Amino acid sequence: MQPLIDLLATASAAAAYEALGRRGDLDPAIAALVPGARCVGSAYTVRAHPHHSGAVSKALDLAPAGSVLVIDVSGDPDTCTLGGTGSLAAQRRGLAGCVTNGRVRDIAEIRALGFPVFARGATVRSSRKDGTADFQVPVAIGGQIVQPGDLVCADDDGVVVIGAQYFDTFAERLAARLAFERDADAQVRAGASYAEAVSRRP
């Protein structure tokens with residue numbers, strides 16, 4: 001698994017999307033809130049109850065270093081899932097980032113940390129701290145079903161989820177895509193037309 005994660009860390013989300021056969025992308029409404037930040041890692045999934053996302057804080061202690069928190073707020077896009085202190089805690093524990101179909105607050109603090117967060121936007125609202133959440137269960141987010149352990153690749157262009165069913169062939173396909181992109185860039189720099197450069201697209 002780690003070699004695949006290391007390879008994915010060299011790729012853009014767009015390259016991952018192409019290598020996956022143009023699938024796995026989340027709704028573009030779930031977008032980068034920290035410009036330039038990107039994250040790659042295994043999904044640690046959380047299903048929270050709308051406006052009761054306080055239980056999500058437990059995931060900050062449970063998720064292993066290197067994982068990406070993927071938080072489903074059960075269809076209420078205005079639920080706040082993370083704030084500045086939670087992002088600090090996640091960063092200090094070595095989490096790779098957070099992807100949610102809800103919102104976050106303290107965005108200036110999160111940007112100052114440089115912690116990668118991908119969400120529907122910011123909010124001033126908080127969420128109730130009671131209630132429960134389900135951890136490491138399938139979640140529905142951004143038009144995709146994300147399973148625990150699926151791989152996440154996210155950057156300024158968007159979020160792509162690579163399901164475990166694709167792992168066996170994905171590394172080869174991604175390596176081919178990255179080689180094509182490097183070659184196309186080199187050809188354009190050498191004076192080739194764009195059409196010529198992309199004619200051997202895999």
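Q: Why is Gln136 called partly exposed in this model?
A: This is a predicted model, and in it Gln136 has a relative accessibility of 37%. Buried would need under 20% and exposed over 50%, so at 37% Gln136 counts as partly exposed.

Q: What else can be said about Gln136, and where is it found?
A: Gln136 is found in the loop between strand 8 (133–135) and strand 9 (139–141). Its phi is near 55°, a positive value in a residue other than glycine.

Q: Why is Thr123 called buried?
A: Its relative accessible area is 16%. The cut-off for buried is under 20%, so Thr123 at 16% is buried.

Q: Where is Thr123 found, and what is it in contact with?
A: Thr123 is in the loop between strand 7 (117–119) and strand 8. Leaving aside neighbours within four places in sequence, it is in contact with Cys80, Arg103, Val104 and Arg105.

Q: What makes the approach of Thr123 to Arg125 a polar contact?
A: The side chain of Thr123 reaches the backbone nitrogen of Arg125 at 3.1 Å.

Q: What makes strand 2 and strand 3 a pair?
A: A pair needs at least two bridges, and five join strand 2 (residues 39–48) to strand 3, so the two are paired. They run parallel, and the bridge partner of Tyr44 in strand 3 is Leu69.

Q: How do you know that strand 3 also pairs with strand 5?
A: Four bridges join strand 3 to strand 5 (residues 97–100), and at least two are needed, so this is a pair as well. These strands run parallel, with Ile71 opposite Thr100 in strand 5.

Q: How does the reach of helix 6 compare with the expected value?
A: Helix 6 (residues 167–189) has 23 residues and reaches 33 Å from its first C-alpha to its last, close to the 33 Å expected at 1.5 Å a residue. Just after helix 6, Gly191 takes a positive phi of about 110°.

Q: Which residues of helix 6 are buried, and what covers them?
A: The buried residues are Phe167, Phe170, Leu174, Arg177, Leu178, Phe180, Ala184 and Gln187. Their cover includes helix 1 (2–8), helix 2, strand 11 (151–155), strand 12 (158–162) and helix 7 (194–197).

Q: What makes up the largest nonpolar core?
A: This core has 25 residues, and Val46, Leu69, Val104 and Val117 have the most contacts inside it. Two or more residues each come from strand 2, helix 3 (57–62), strand 3, helix 5 (107–113) and strand 7. Strand 2 gives the most, with three residues. A second, separate core of 18 residues includes Ala11, Leu20, Leu151 and Val160.

Notes:
Residues numbered from 1 in each chain as written. Predicted model: local features only at pLDDT ≥ 70, side-chain atom pairs only at ≥ 80, totals over all residues. Heavy atoms only, no water. Buried < 20%, exposed > 50% of the residue type's maximum accessible area, 1.4 Å probe, protein only. Polar contact = N/O pair within 3.5 Å; in protein donor to acceptor, adjacent residues only side chain to side chain. Contact = heavy atoms within 4.5 Å. Expected span 1.5 Å × (residues − 1). Core = buried A, V, L, I, M, F, W, Y, C linked by side-chain atoms within 4.5 Å.
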